[in-house]
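The following questions and answers examine the terms applied to a structure and the values behind them.

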Amino acid sequence: FELLDAGGNAFDAAVAVSAALAVVEPYGSGMGGGGFWLLHRARDGRQVMVDGRERAPLAATRDMYLDAAGEPVSGASVDGALAAAIPGQPAALAHIAEQYGELPLARSLAPAIRLAREGFAVDDQYRRMAGFRLAALRAGGAAAEVFLADGEVPPVGYVVRQPALADTLTRIARRGAAGFYRGEVARRLVEGVRGAGGIWTLDDLAAYRVVERAPVYAHYGGYRVVGAAPPSSGGVALAQMLNMLSGYRLETLAPADRLHYIVETMRRAYRDRARYLGDPDFFAVPVRRLTNPEYALGLGSDIDLERATPSARLEPAPEPKGRDTTHFSIIDRQGNRVAATLSVNYPFGSGYMPTGTGILLNDEMDDFSIKPGVPNVYGLVGGKANAIAPGKRPLSSMSPTFVEAPGGVAVLGTPGGSRIITMVLLGVLDLVAGNGPESWVARSRFHHQYLPDRVDYEPGALDAATVAALRRKGHEMLERPRPWGNMQAVYWNRETGELTAASDPRGGGAARVR
């Protein structure tokens with residue numbers, strides 16, 4: 001509210017929140033990463049997705065993570081400087097402030113600069129993520145000094161201070177995107193990356209540009225859903241699943257039959273994700289065809305009420321992790337709104353920080369298909385559409401979403417790796433069923449992503465009878481040991497003016513309305 005009280009709007013607040021999260025949730029997002037910001041401007045109804053997704057370095061090659069035998073080199077696309085794509089978040093924040101905000105960029109970055117200098121206290125979530133990525137952080141140059149305590153995971157309450165990041169944010173505040181992509185910060189980034197085996201150049205940084213993209217639209221049960229465009233797979237997949245489900249009255253079905261239909265639409269949407277989706281600047285993504293309701297009729301025509309459709313057409317993939325990324329949702333008093341999902345990919349990204357920058361680098365190169373049919377760390381497979389190419393943006397599951405309901409509008413999204421899209425789907429279905437934000441963010445979750453051919457579900461999410469019924473239909477069922485996601489949602493009732501917000505009880509966020 002600090003920015004709103006100073007005369008700012010939802011877009012200024014989004015810049016401030018993005019930058020602050022980059023400081024206090026380094027395992028989920030950061031200035032060394034990227035994201036998608038879905039915007040709605042109230043005064044003219046403009047809706048746009050600001051694409052701040054990372055780009056492959058210009059020296060990147062299709063087979064850069066394969067050995068001489070053509071097999072993936074273990075960890076090469078996940079750990080260290082070679083795994084890092086060119087960050088997009090600094091450029092995106094400068095763009096949003098300049099094009100949509102009311103306040104100077106320096107004002108919106110001030111809270112993050114203060115947080116970086118004063119520090120934040122380590123909590124249990126930080127400890128879990130740092131423990132998971134301990135080896136990468138220990139080998140990550142300046143990262144070990146910043147995020148660890150004598151090479152170990154810090155105790156709860158330990159204060160993490162980031163003076164170098166504060167200095168870099170200050171340069172961005174003064175010079176805009178040029179404070180990051182040119183000059184001293186750019187030089188230090190490139191020197192650090194190349195010294196650690198990476199392939200960045202000053203030209204890579206200078207060439208980075210934000211792209212504004214038209215959102216993806218779908219209609220379901222009288223609601224219009226506004227989703228993220230490629231290189232996000234979220235909007236297309238969400239539209240496909242909703243289009244397929246439009247042929248069923250879900251509320252009339254028994255629980256096992258209802259879940260069966262939803263799972264079968266997930267399976268088919270994720271199959272198309274692997275086949276067709278990638279960076280539209282490099283590959284002709286057939287968005288209109290994929291999101292056409294008539295295409296959905298054919299896509300779902302072979303769904304059998306009694307039997308699961310086998311999807312074992314590629315080799316089994318490893319289990320999705322879903323431990324990273326962050327999301328926030330904002331509506332201001334004018335009706336401007338932002339849904340933003342940000343990421344550095346794996347927890348703490350690549351684990352590598354060039355000395356003197358404070359910038360923890362992403363490992364988004366792993367989101368490319370490094371070899372057809374070979375899964376990434378989230379178990380997702382891909383092909384030519386998402387192959388590595390110089391300057392290309394990797395496919396993403398980030399799915400910031402608006403739902404325009406009769407008399408109101410919802411803003412929602414969540415972190416969660418490959419499970420993001422199915423979480424948003426379940427939230428949208430819960431909204432359409434008449435429930436409010438507290439229900440969307442808390443409802444039990446299940447997931448299918450084509451490969452591995454399996455239904456994952458949260459602890460206690462499904463009762464024994466439903467699980468048994470789904471197994472009889474041929475579904476492999478796996479109860480995961482931990483819940484997933486951290487959905488943040490806001491609903492504005494335009495008839496009464498009332499705002500309702502909710503934060504996922506699984507995560508560490510908070511919802512505030514004023």
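Q: What does contact mean here?
A: Contact means heavy atoms within 4.5 Å. Asn243 touches His219, Thr291, Asn292, Pro293 and Ala296, when residues up to four places away in sequence are not counted. The model is predicted: local features need pLDDT of at least 70, side-chain atom pairs count only at pLDDT 80 or more, and totals for chains, interfaces and linings use all residues. Residues are numbered from 1 along each chain as its sequence is written, and side-chain values use heavy atoms, with hydrogens and water left out.

Q: Why is Asn243 called buried?
A: Asn243 has a relative accessible area of 12%. Buried means under 20% relative accessible area, exposed over 50%, and partly exposed in between (1.4 Å probe, protein chains only). Asn243 is therefore buried. Asn243 is found in helix H12 (residues 234-245), where helices (H or I, at least four residues) and strands (E, at least two) are DSSP runs, numbered from the N terminus.

Q: What makes S2 largely enclosed by the rest of the structure?
A: Six of the seven residues of S2 are buried, so S2 is largely enclosed.

Q: How do you know that S2 pairs with S1 and with S5?
A: Two strands pair if DSSP finds at least two bridges between them. S1 and S2 are joined by seven bridges, and S2 and S5 by three; both pairings are antiparallel. Leu39 stands opposite Val48 in S2, and Asp51 stands opposite Val211 in S5. S1 and S2 form a hairpin with four residues between them, and Gly45 in the turn has a positive phi of about 75°.

Q: What makes S5 and S8 the edge strands of the sheet?
A: Five strands form an open sheet in the order S5-S2-S1-S9-S8, with antiparallel pairing. Strand S5 (211-213) and strand S8 (326-331) each pair on one side only. For S8, the pairing is with strand S9 (residues 337-343), over six bridges in the antiparallel sense. His327 has Thr341 in S9 as its bridge partner.

Q: How do you know that helix H2 packs on the sheet?
A: Helix H2 (residues 10-24) touches strand S1 (34-41), S8 and S9, and its direction makes about 160° with that of S8. Helix H3 (residues 89-100) lies across S1, strand S2 (46-52), S5 and S9, running at about 15° to S1.

Q: Why is H2 called roughly parallel to H4?
A: The axes of H2 and helix H4 (residues 105-118) come within 8 Å and cross at roughly 20°. Axes are lines fitted to C-alpha atoms, for helices over the stretch in contact, and angles run from 0 to 180 degrees between N-to-C directions. Angles under 35 degrees count as roughly parallel, over 145 as roughly antiparallel, 65 to 115 as roughly perpendicular and the rest as oblique. H2 is therefore roughly parallel to H4.

Q: Why is H13 called oblique to H16?
A: The axes of helix H13 (residues 255-276) and helix H16 (residues 420-432) come within 11 Å and cross at roughly 140°. That angle makes H13 oblique to H16. The contact is made by Ile262, Met266, Tyr270 and Arg273 of H13 and Ile421, Thr422, Leu425, Leu426 and Leu429 of H16.
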